[in-house]
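Have the structure open and follow along.

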Amino acid sequence: MTKRTGFSEGEVCWTDLQTGDVEAAKAFYAEVFGWRYEDLPTPDGRSYAQAFLGDDLVSVIAPQNPQQQAAGAPGQWNVYFATDDARDLADSLTHSNGTLEFGPEAVGDTGVMVFFAPPGGGTTGSWEAGTHFGTARTEEPGALTWAELLTPEPQAAVGFFQQLFRHEVTEYPQDDGGSYTTLMVDGAEVAGIATVPSDAEGTLTPGWQVYFGVASVAGAVAAAVAAGGVVLIEPDEAEGGEAEEAGTIATLQDPQGGVFSVLEV
C-alpha cells in the first residue's frame, strides 16, 4: 500500500471521472476496482460520488456539465497536476504557449482548480490543495498508478510542461523511431508523453490516458466485460513506455464511454 499525505508541484495528484450516468458508473467501477462510495450534493441539485479504497479517498465520479450533456459527450477521465498557486499558473499560460480552458476557480475550501491545454491539445487539470490534496493512495490495486498524454505534438508538449512545472525529463527511444518521454519531479517519473499511435485510430485519441493498478489484468478485464465494458486494447497488444515495463496493461471503456487503462502492480 502506498499512502499519500500530499504532493509536490508538478506531480500528478488526482483523477476524476465526468460521466452522463453517475449511478451506472459507480456500479461498473465497484465491480472492476472494489470501490465504495459516499454521495455528496452538487450546487445544481445533482450528486457526485467520492470513491474510496477502505477509508482512503482515491477518486470522484461526477455528473457531466451542461455543455457535455448537450453534446452527448462520452465519459471522460481528467488528470490533475499539483500546483502551489493555481492563479499564478493560469497567468503563466500566456507565456508558455498553452491555452486556459477553465478557472482558476475555488471549489469551496477543498482547493482551486484550473483546466488548460498544452500545444497539440489535451485538456489538463491542475489542483492547488486546500482541505483536499489529491488521492490518498497510489500505485496499488484500485488506485491511480500512471498517466500519459497522447499528442500529435509531443516535443512541443514536453517543452510546455518543462516551462510550466520545471519538470526534468527522460527520453526512451521507441522501435518506430520516436520516443516516449517521462516527466520527472525530484528524480521520480510522474507522467508520460507520447505520440498518438498511428495504428490506434478510432481507439485512442489525443488526450490524457489514466492508469489504475490492478492485482490481475486478466481479472480486471473479465470484471469490466461482465459489467458492460469494452476492451479497446487487449493485454498482449498494449504498447507503451515505462508503464508497460512495470507490468501487463490493457485499455478499457466503461459503458458511458470513459476510457481508462489497467496496469498490473
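## How α1 and α5 pack

In this predicted model, helix α1 (residues 22–33) and helix α5 (residues 217–226) have axes that come within 8 Å and cross at roughly 155 degrees. That angle makes α1 roughly antiparallel to α5, because anything over 145 degrees counts that way. As for handedness, the crossing of α1 and α5 is right-handed.

So what touches what? On the α1 side you'll find Phe28, Glu31 and Val32, and they meet Ala220, Ala223 and Ala224 in α5. Sorted by class, the α1–α5 contact has 5 nonpolar residues, 1 charged and no polar ones.

## Aromatic pairs

Search the whole structure and you get 24 aromatic pairs. Take Trp35 and Phe212: their ring centres sit 5.7 Å apart with the planes at 75 degrees, so this pair is edge-to-face. Trp35 is in the loop between α1 and β3 (36–41), while Phe212 belongs to strand β15 (residues 207–214), so the pair ties together parts that are 177 residues apart in sequence. Both Trp35 and Phe212 are buried.

Phe160 and Phe161 also form an edge-to-face pair, at 5.1 Å centre to centre and with 85 degrees between the planes. Both Phe160 and Phe161 are buried too.

## Around Phe212

Which residues make up the aromatic cluster that includes Phe212? Phe28, Tyr29, Phe33, Trp35, Trp77, Phe212 and Phe260 form it. Phe28 is also one of the α1 residues that meet α5.

Phe212 itself has a relative accessible area of 0%, so it counts as buried. Leaving aside neighbours within four places in sequence, Phe212 is in contact with a list of residues that includes Thr15, Gly142, Ala143, Leu144 and Thr145, along with Ser261, Val262 and Leu263. Among its other contacts are Phe33, Trp35, Trp77 and Phe260, which are also members of the aromatic cluster.

## Over by Phe160

Where does Phe160 sit relative to Phe212? Their C-alpha atoms are separated by 26 Å, and the two residues are 52 apart along the chain.

One residue that touches Phe160 is Ser96, which also touches Gln163 and Leu164, not counting residues up to four places away in sequence. You'll find Ser96 in the loop between α3 (86–92) and β7 (99–106). Is Ser96 buried or exposed? Its relative accessibility is 6%, so Ser96 counts as buried, the cut-off being under 20%.

Technical notes
Residues numbered from 1 in each chain as written. Predicted model: local features only at pLDDT ≥ 70, side-chain atom pairs only at ≥ 80, totals over all residues. Heavy atoms only, no water. Axes fitted to C-alpha atoms, helices over the stretch in contact; angles between N-to-C directions. Helix = DSSP H or I, 4+ residues; strand = E, 2+ residues; numbered from the N terminus. Parallel < 35°, antiparallel > 145°, perpendicular 65-115°, else oblique. Left-handed = near helix turned anticlockwise from the far one by under 90°. Contact = heavy atoms within 4.5 Å. Nonpolar A, V, L, I, M, F, W, Y, C, P; charged D, E, K, R; others polar. Phe/Tyr/Trp six-rings, centres within 6.5 Å; stacked < 30°, edge-to-face > 60°. Buried < 20%, exposed > 50% of the residue type's maximum accessible area, 1.4 Å probe, protein only.
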